[in-house]
Amino acid sequence: MSFILRRLGAIVPTLFFVSVMIFGLQQLLPGDPAIAMAGEERDPNVVAYLRGKFHLDEPLPVRYGYWLKGVVQGDLGESVRIQRPVTELILEKLPITLELAGIAMAIALVIGIGAGIVSAVYKDTWIDYVANVFALWGLSTPNFWLGILLILLFAVKLGWLPASGYVSPFEDLGENLRSMILPAFVLGNALAAVLMRHTRSAMLQVLSSDYVRTARAKGLDERVVILRHALRNALIPVVTLTALQLGELLSGAVLTEQVFSIPGFGKLIVDAVFNRDYSVVQGVVLFTASAYIVLNLLADVAYVLINPRMRA
Amino acid sequence: MAAMAFADIALPRELSPGERALRRLLRRRGAMVGLAVVVFFVALAIFASWIAPYDPLATSWSAVRKAPTAAHWFGTDEIGRDVLSRVIWGTRASLLAGLVSVGISLAIGVPVGLLAGYVGGWVDMLISRITDAMLACPFLVLAIALAAFLGPSLTNAMIAIGIAATPAFVRLARAQVLAVKVEDYIEAARAVGNSDWRIALRHVFPNIVAPVIVQATLAIAAAVIAEASLSFLGLGQQPPAPSWGSMLNTAKNYVENAPWMAVWPGVSIFLLVLSFNLLGDGLRDALDPRHT
């Protein structure tokens, strides 16, 4: 409990610096921020409205105070382009990205952990070699390129899956899954490679430990030794890593959603960038960073909960 | 007499740590292949104007979206530009982005990490919290946000990637300094009256260089992908200047009719990133034998 409280205490200054950094992004805008935000037309009424709304005539710390007060109350500002609260936009788009990230995570876990176990058990054989090549491929392939290649193969050549677009699961679950398979695989590909490498290294460490040797010496079936004795311990660091990688999935979703035209969280930030909708950009970055900090905390707590040695 | 006999025996010269690391690196086949491919791309970037068969910006309405032929090995794009020439010229943007952005990260991250680790106290606390805050933003999201606010261009993309990658170097340098500064030779350097500056620069810094080099090599791979990603989103190299990421952005609209437009820029990114990853892995094994 004291560990959790200490961790909670440590995230407060981190969140403070995150807020300062994201507020500071606005200062990077060349020239007058109100003019930059007003878009091409630079309508004087809009400029005056924005200057008043963002307190641009006030000193910087005062502006930060106003902004932070809103953020603490769940007000991330308003989209200049579509005149809707940023929080509302994020909450509208987030479920789509979470679904994509969830399926991608499931694919990555199955492929990554499976390949990691097999690679460790058959160390230095051709199976291990193939698994390592797969990991290097996953780590070196830009996911937007993989997406284009898979569209070419499965949508254009074979016609099995849709090339792009999104269907809500509440409208048609089957079509929803069909539209999600390719993007989820693309998003999960790099994560599978990371998980494979970590699982392999953790399994190799555990497989050479004394208790595994004891389990083998007392005549246990090799499958039981690997799955019940070795894997359970090897998975402890992998669980932590998996939670941390959810943040990376949100990042990867930006590109994947762009390739497959999925109207999620990632597309929201890209569209906002091109519409010069800076409140939305700030809101999305703040939300992502906060989610990452919370996931980091949960990963630490999970590590303590599933590792009996840490509880002592 | 006995002394003379000993003098006649030719003892092999003891290798320096650097030479031993180089020998270990040369024995790693993956790293050597990676290095060869990197050298190949560097040569492409430097000699692009001699190697490229066509002007990468020259359009030809009579050769729009032509499949690969003897005249255009990689085909042509949507306005008749030679894809091979654009891929060759695109190497410049990718390598430049990789090297400059990692240069920015090194120039900021290593001195700041050195300061945090060596000085400690509130300076370390402040730097560590700021680093944590930056690490809390996923790398690409932070780079997109920075590029968005700075404005879309290759220069701004390099600055954005460099800043987004800096906290990893701060953390690495700090951790290495914390490990090194408790060593006996640092204590000895202090005991003989060296100033803090001298100890930090002459005794601590050389001992943290190896892991920084490994991290820098792997960071170049990440920066190449990040530049391609930003250019793919329209936040990096601006058209008509060639860049692998922006070429893929255009190619995705013509997957059905001109799939060759999507193949070669992607293959180039993959090969360059893979090579830096192989080289980085090899350097890590060579510079830190405990790792293997």
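**The contact between the chains**

In this predicted model, chain B brings 37 residues to the contact, and chain A brings 37 residues as well. On the side of chain B that touches chain A, at least two residues come from each of these helices of chain B: H6 (121-136), H7 (139-150), H11 (209-233), H12 (244-251) and H13 (260-287). Which of them gives the most to that side? It is H7(B), with nine residues. Sorted by class, the side of chain B that touches chain A holds 29 nonpolar residues, four polar and four charged.

Let us now turn to a pair of helices within chain A.

Two packed helices are described by the angle between their axes and by the distance between the axes. For helix H5 (residues 86-121) and helix H6 (residues 126-140) of chain A, the angle is about 145° and the axes lie 8 Å apart. The crossing of H5(A) past H6(A) is left-handed. From H5(A), the residues Ala115(A), Val118(A) and Ser119(A) meet Ile127(A), Asp128(A), Ala131(A), Asn132(A) and Phe134(A) of H6(A). By class, this contact has five nonpolar residues, two polar and one charged.

Finally, I return to chain B and one of its residues.

Ile127(B) is part of helix H6 of chain B. Is Ile127(B) buried or exposed? Ile127(B) counts as buried, because it has 20 C-beta neighbours inside 10 Å, and 20 or more is the cut-off for a buried residue. Setting aside residues up to four places away in sequence, Ile127(B) touches Val112(B), Ala116(B) and Val170(B). Ile127(B) and Arg171(B) are 44 residues apart along the chain, and their C-alpha atoms are separated by 9.4 Å.

Technical notes:
Residues are numbered from 1 along each chain as its sequence is written. Chains are lettered from A and ligands numbered from 1 in the order in which they are written. This is a predicted model: local features need pLDDT of at least 70, side-chain atom pairs count only at pLDDT 80 or more; totals for chains, interfaces and linings use all residues. Two residues are in contact if their C-beta atoms, placed from the backbone, lie within 7 Å. Helices (H or I, at least four residues) and strands (E, at least two) are DSSP runs, numbered from the N terminus. Ala, Val, Leu, Ile, Met, Phe, Trp, Tyr, Cys and Pro count as nonpolar, Asp, Glu, Lys and Arg as charged, and the others, Gly among them, as polar. Axes are lines fitted to C-alpha atoms, for helices over the stretch in contact, and angles run from 0 to 180 degrees between N-to-C directions. A crossing is left-handed if the near helix is turned anticlockwise from the far one by less than a right angle, and right-handed if clockwise. A residue is buried if 20 or more other C-beta atoms lie within 10 Å of its own, exposed if 12 or fewer, and partly exposed in between; C-beta atoms are placed from the backbone.
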